[in-house]
There are 2 protein chains.
Amino acid sequence: MGITDRKEREKLEMRRLIMDAAMDMFVKDGYEKTSIRNIADKIEYSPATIYLYYKDKDELLWGLQTEAFEKLAEVFREGITAAEPIEQLRQMAKLYVEFGMSNPDLYDLMFILRSPMNAEKNEEWKSGSSAFQFLVNIIQAGMDKLKYEDVTLGAMSSWAMVHGLVSLNVRGRCKMLELPEDKLQDMLLAAVDQYIDNITR
Amino acid sequence: MGITDRKEREKLEMRRLIMDAAMDMFVKDGYEKTSIRNIADKIEYSPATIYLYYKDKDELLWGLQTEAFEKLAEVFREGITAAEPIEQLRQMAKLYVEFGMSNPDLYDLMFILRSPMNAEKNEEWKSGSSAFQFLVNIIQAGMDKLKYEDVTLGAMSSWAMVHGLVSLNVRGRCKMLELPEDKLQDMLLAAVDQYIDNITR
DNA sequence: CAAACTTACTAAACAGTGTTCAGTATTTAA
DNA sequence: TTAAATACTGAACACTGTTTAGTAAGTTTG
């Protein structure tokens with residue numbers, strides 16, 4: 001039955017159309033401006049149509065989040081070039097910070113916003129988990145040179161460190177330091193370096 | 001002129017009434033349920049009245065935030081009992097984590113939500129700044145026993161660490177670890193201990 | 001081919017949000 | 001007692017996410 005196949009295909013295409021438009025608006029105009037109605041306007045369909053392809057806004061955001069994680073994974077894949085685990089960890093941490101600082105809205109979606117985490121009663125947060133596993137593996141590999149006693153606790157700590165740096169900045173809690181925009185990122189990277197040094201034996 | 005005095009007093013009382021109601025709803029039902037209309041309902045005034053006392057919702061949230069910082073300051077005042085700077089830092093970090101985990105909505109307001117930071121073009125974020133200064137002082141005092149080279153960078157790092165731990169949890173990014181609720185907080189406190197040990201020489 | 005069924009889509013509405021403004025009482029001043 | 005200032009509100013505006021009834025087109029069947 002070729003018709004069912006085509007329908008299936010068209011359904012996927014429609015999902016892509018919606019997803020791409022949403023991602024576009026999200027990256028360009030941020031979370032606030034990305035409403036169902038605005039997305040619908042952009043793809044020239046009625047708002048109700050979107051609900052034929054996504055259960056609700058959370059499910060749509062969940063999809064965006066997954067794509068964002070793929071972006072970050074690629075950043076890691078291309079940017080982590082060192083052979084040594086500690087150096088890998090250092091690279092990873094810096095790439096993470098740079099990614100967060102240059103894609104604040106995507107960062108929101110992945111690590112700050114509550115909404116997409118409600119979708120489907122948290123489908124195990126697959127994309128997030130695999131990114132975390134990646135970190136766990138690096139730490140596992142460098143465990144002999146790290147001061148961590150527990151791998152998971154260590155992974156969580158280093159993640160918390162970089163997330164803390166990025167999210168405080170992204171949410172404007174570091175404005176009081178009154179540093180020029182570009183100096184700020186240098187400072188964050190310096191903090192990362194310092195942290196890696198401190199956890200290395 | 002006694003009348004002007006009374007009017008002034010009544011104005012302050014009204015602000016208090018609004019603020020208290022808002023804080024109540026915020027702590028009890030969270031950010032989402034705390035709408036201008038709901039607050040107005042609670043104090044039995046029209047929504048428009050609130051706008052006679054607060055420019056917009058951001059300004060109201062700003063007020064709530066300031067009060068939340070006072071709560072945290074008191075937690076520090078009562079809980080930091082050690083004489084030694086390093087121990088003070090350890091206590092402070094743990095109190096911070098505990099505060100965040102037991103008051104997730106207030107924590108949101110203070111360190112995560114974007115809204116209140118827009119009020120009045122960020123009035124220097126006075127309450128936040130003084131809390132940060134408190135941290136800076138402790139770190140300054142213990143600088144000889146700390147591995148930090150720069151006080152500000154050190155303060156930012158340790159803040160980022162605890163904020164990272166709390167905010168990842170508060171926003172449900174640690175669910176994948178599949179830990180029982182109470183074990184989680186123990187893990188966070190263990191991470192804090194580990195961090196303090198690592199930055200101490 | 002025509003009739004019956006199925007799918008894809010939308011207009012309109014519902015209930016909620018923050019916010020503004022004209023108008024009404026009440027209180028104060030002249 | 002009248003004029004002016006103050007405190008407050010009902011109703012509206014422009015949004016939001018979401019649901020539903022209805023339409024128009026495509027597909028299958030007799």
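Helix axes are lines fitted to C-alpha atoms over the stretch in contact, and the angle between two of them runs from 0 to 180 degrees between N-to-C directions. In this predicted model, helix H5 (residues 85-102) of chain B packs against H6(B) at an angle of about 110 degrees, with the two axes 5 Å apart. Because angles of 65 to 115 degrees count as roughly perpendicular, H5(B) and H6(B) are described as roughly perpendicular to each other. On the H5(B) side, the contact is made by B:Tyr96, B:Phe99, B:Gly100, B:Met101 and B:Ser102, while H6(B) supplies B:Pro104, B:Leu106, B:Tyr107, B:Met110 and B:Phe111. By class, the residues of this contact comprise 8 nonpolar and 2 polar, with no charged ones.

We can turn next to the interface of the two chains. Chain A and chain B each bring 46 residues to their contact. About 4000 Å² is buried between them, and carbon and sulfur atoms account for 64% of that area. Between the chains, 14 residue pairs are in polar contact, with both residues at pLDDT 80 or more. The interface also holds 2 salt bridges; one of them joins the side chains of B:Arg114 and A:Asp108, at 3.2 Å from N to O.

On the side of chain B that touches chain A, the elements giving two or more residues are helices H6 (104-112), H7 (126-141), H8 (151-170) and H9 (181-199). H8(B) gives the most to this side, with 13 residues.

Note on methods: Residues are numbered from 1 along each chain as its sequence is written. Chains are lettered from A and ligands numbered from 1 in the order in which they are written. This is a predicted model: local features need pLDDT of at least 70, side-chain atom pairs count only at pLDDT 80 or more; totals for chains, interfaces and linings use all residues. Side-chain values use heavy atoms; hydrogens and water are left out. Contact means heavy atoms within 4.5 Å. Buried area is the accessible area (1.4 Å probe) that two parts lose on being put together, summed over both. A salt bridge is a side-chain nitrogen of Lys or Arg within 4 Å of a carboxyl oxygen of Asp or Glu. A polar contact is a pair of N or O atoms within 3.5 Å; within protein, one must be able to donate a hydrogen and the other to accept it, and residues adjacent in sequence count only if both atoms are side-chain atoms. Helices (H or I, at least four residues) and strands (E, at least two) are DSSP runs, numbered from the N terminus. Angles under 35 degrees count as roughly parallel, over 145 as roughly antiparallel, 65 to 115 as roughly perpendicular and the rest as oblique. Ala, Val, Leu, Ile, Met, Phe, Trp, Tyr, Cys and Pro count as nonpolar, Asp, Glu, Lys and Arg as charged, and the others, Gly among them, as polar.
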